[in-house]
Amino acid sequence: MNINQLKYIVTIAEELNITKASKKLFVSQSSLSQCIKNLEKELRVKLFETNVTPLKLTYAGEIYIEWAKNVLATEEEMLDKLKEISTQNNVRIIVGVATHRSIYLLPQVIKEFRNLYPHSFVVIKEYPTPILHKMLEDKELDLLLDEVNVDSVSYNSELLMKEEIYLDIPKSFSIEEDEVDLADLTDKPFVMLSSEQMLGKLARELCKKSKFEPKVLAECRNVETAHSLVEQELGIAFVPQLFVKYNDKVVYKKIKNYRPTRDICAIYNNNCGKPLKEFVSIVKKVLNN
């Protein structure tokens, strides 16, 4: 049996008349009659009572028609899904990104991307940089938003922006200057990220260049946690540009004599498709705004 046979038999069952089914299917009556005979011979069971008008389904015929309708419905559902994929409406992208970037960047990006691909599905993987790069190597990500990848053969690393590093300072510390010299903060407590993290490592290198030894009150692994401690007036933290936003409890200051930055790159396979490239374009636009 094949799909056409199923369509023929279901139509005959719906019309209960060979002539009407023939007109509906644009198939000869003799072909439909032969289809019934062949199928009944194959199944070794009678599907229709043909000696009555209109035709009548046997009990076996009722069971078979119910099954045939389910098969045809499943095929139609499968074809619809394949059509969505072929027209690139059904898109799945796995994005690796640091948590603080995810929070302040991806909601707007995904909203705009969904306007282009309404049936798209985005999976967000939020981990520190070393883990994310390992996931990229293991083919667990479609896109990584992080520092440049050294594998330029397999991956394209597109620079999206150079993210500046700011000082996150409690307002109560009453620091008025727009740019702050780290050497002037020797009496202030600091909240530092772990040296295992890229931002924590960069902050320590910056202190070393400035010949400044911070008085570390607390160490953590999360920018949001560090910021919360700053809000409680417990110390000063180094935070990335994407994190900077208006807050009546803190002020953000640039570091005098230095413009520390981190590259934010879109890293993806050279053979990626159009939807992923459009996703990257939206990320770039949101960052530039």
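Predicted model: local features only at pLDDT ≥ 70, side-chain atom pairs only at ≥ 80, totals over all residues.
**View 1. Helices H1 and H3 pack against each other at an angle of about 105 degrees.** Helix H1 covers residues 3–15 and helix H3 covers residues 29–43, and their axes lie 10 Å apart. Because angles of 65 to 115 degrees count as roughly perpendicular, H1 and H3 are described as roughly perpendicular to each other. From H1, the contact is made by Gln5, Tyr8, Ile9 and Ile12, which meet Leu32, Cys35, Ile36 and Leu39 of H3. The residues of this contact divide into 7 nonpolar and 1 polar, with no charged residue.

**View 2. The buried residues of helix H6 (residues 129–137) are Thr129, Leu132, His133, Met135 and Leu136.** These residues cover an arc of only 155 degrees around the axis, which means that they are on the same side of H6. In an α-helix there are 3.6 residues a turn, so residues three or four places apart point the same way. The buried residues of H6 pack against strands S3 (92–97), S4 (121–126), S5 (143–146), S6 (155–170) and S12 (261–269), as well as against helix H7 (198–209). After H6 comes Lys139, which has a positive phi near 65 degrees.

**View 3. Ser195 lies in the loop that links strand S8 (189–193) and helix H7.** Ser195 has a relative accessibility of 43% and therefore counts as partly exposed. When neighbours within four places in sequence are left aside, Ser195 is in contact with Gly200, Lys201 and Arg204. Ala266 is 71 residues from Ser195 along the chain, and the C-alpha atoms of these two residues are separated by 24 Å.

Conventions. Residues numbered from 1 in each chain as written. Heavy atoms only, no water. Buried < 20%, exposed > 50% of the residue type's maximum accessible area, 1.4 Å probe, protein only. Helix = DSSP H or I, 4+ residues; strand = E, 2+ residues; numbered from the N terminus. Arc of directions from axis to C-beta. Contact = heavy atoms within 4.5 Å. Axes fitted to C-alpha atoms, helices over the stretch in contact; angles between N-to-C directions. Parallel < 35°, antiparallel > 145°, perpendicular 65-115°, else oblique. Nonpolar A, V, L, I, M, F, W, Y, C, P; charged D, E, K, R; others polar.
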